Amino acid sequence: MSGAGKDSAPAAMRALTIGLRGEVFALPAETVSEILDMGPVTEVPNARAFVNGVINVRGKVVPLADLRVMFGMERTPPDADTRIVVTEIDLDGEPTLVGIIADKVHDVTEISEASVEETPKVGMRWPAEFLRGIGKHGDDFIIIPDMGRIFGSKGDRDPSFATDERTVK
């Protein structure tokens, strides 16, 4: 036997796709616990610029991050499509809940592992060290962020992407 069978199908990542400034990003679907409407945010003094503050999720204090800041995109005020995606990441070996601001939540889709390519080192407008890769779904490209590296406590972020662009309300 050649070993071909049910188990030989290419692996796929189930992903929740979200929109950030017109780009499509993918979060592993199994890490997403809920999707919330935008609500009150408590600002945290001296927090990293891409962390807006904290939110209350069912009695738990959860940091709220704006990946647009991390990826050098313009931060815009919330609108009717803005959502908070509550996801669990592994932070220093501990499962940690974080909220991610999404301009829009699209859907859950399958991204074939075979279609995911390493992030090009040249010509990218996003910092490659914060991406797991770029997947292809149909004719569209989907950016797959490396949440562990983005939220990691090692402080290895490029300061140009972590500048505070918060607008005063």
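**View 1. Confidence along the chain of the predicted model.** In this predicted model, the chain has an average pLDDT of 81, and 79% of its residues score at least 70. Confidence reaches its highest mean, 97, in strand S3 (residues 32-37), and its lowest, a mean of 84, in strand S9 (residues 131-137). Residues 1-6 have a pLDDT below 50, and this stretch makes one contact in the model beyond near neighbours in sequence. Residues 154-169 also fall below 50 in pLDDT, and for this stretch the model shows 33 contacts beyond near neighbours in sequence.

**View 2. The open sheet built from S3, S6, S7, S5 and S4.** Five strands form an open sheet with mixed pairing, and their order across it is S3-S6-S7-S5-S4. Because S3 and S4 each have a single partner strand, they stand at the edges, and one side of each is left without a neighbour in the sheet. On average, and with direction ignored, neighbouring strands of this sheet are turned by 35° against each other. Within the sheet, S6 and strand S7 (residues 94-102) are paired in the antiparallel sense over nine bridges. A residue pair to look for in this view is Val85, which stands opposite Ile100 in S7.

**View 3. The salt bridge between Arg21 and Glu74.** Six salt bridges are found in a search of the whole structure, and one of them joins the side chains of Arg21 and Glu74, with a separation of 3.5 Å from N to O. Arg21 lies in the loop between strand S1 (12-20) and strand S2 (23-28), while Glu74 lies in the loop between helix H1 (67-70) and strand S6 (83-91), so the pair ties together parts that are 53 residues apart in sequence. Arg21 counts as partly exposed, since its relative accessibility is 38%.

View 4. Arg58 and Glu34 form a salt bridge in which the closest N and O atoms are 2.8 Å apart. Glu34 belongs to strand S3, whereas Arg58 is found in the loop between strand S4 (51-57) and strand S5 (60-65), so that parts 24 residues apart in sequence are tied together by the pair. The two partners can be set side by side by their accessibility: Arg58 counts as exposed at 71% relative accessibility, whereas Glu34 counts as buried at 16%.

**View 5. A salt-bridge network around Asp66 and Arg68.** Arg68 forms a salt bridge with Asp66, and the closest N and O atoms of this pair are 2.7 Å apart. Both of these residues, Arg68 and Asp66, are buried. Through salt bridges that share partners, Asp66, Arg68, Arg75 and Asp103 are joined into one network.

**View 6. Asp81 and its contacts.** Asp81 is placed in the loop between H1 and S6, and with a relative accessibility of 38% this residue counts as partly exposed. When neighbours within four places in sequence are left aside, the contacts of Asp81 are with Ala102, Asp103 and Lys104. Asp103 is also a member of the salt-bridge network that includes Asp66, Arg68 and Arg75. Met38 is 43 residues away from Asp81 along the chain, and the C-alpha atoms of these two residues are separated by 9.2 Å.

View 7. Thr17 has its place in strand S1 and counts as buried, with a relative accessibility of 3%. Apart from neighbours within four places in sequence, Thr17 is in contact with Val24, Phe25, Val105, His106, Asp107, Thr109 and Ile142.

View 8. The phi of Asn46 is near 65°, which is a positive value in a residue other than glycine.

Definitions and conventions:
Residues numbered from 1 in each chain as written. Predicted model: local features only at pLDDT ≥ 70, side-chain atom pairs only at ≥ 80, totals over all residues. Heavy atoms only, no water. pLDDT = per-residue confidence, 0-100. Helix = DSSP H or I, 4+ residues; strand = E, 2+ residues; numbered from the N terminus. Contact = heavy atoms within 4.5 Å. Salt bridge = Lys/Arg side-chain N within 4 Å of Asp/Glu carboxyl O. Buried < 20%, exposed > 50% of the residue type's maximum accessible area, 1.4 Å probe, protein only. Pairing = 2+ DSSP bridges. Axes fitted to C-alpha atoms, helices over the stretch in contact; angles between N-to-C directions.
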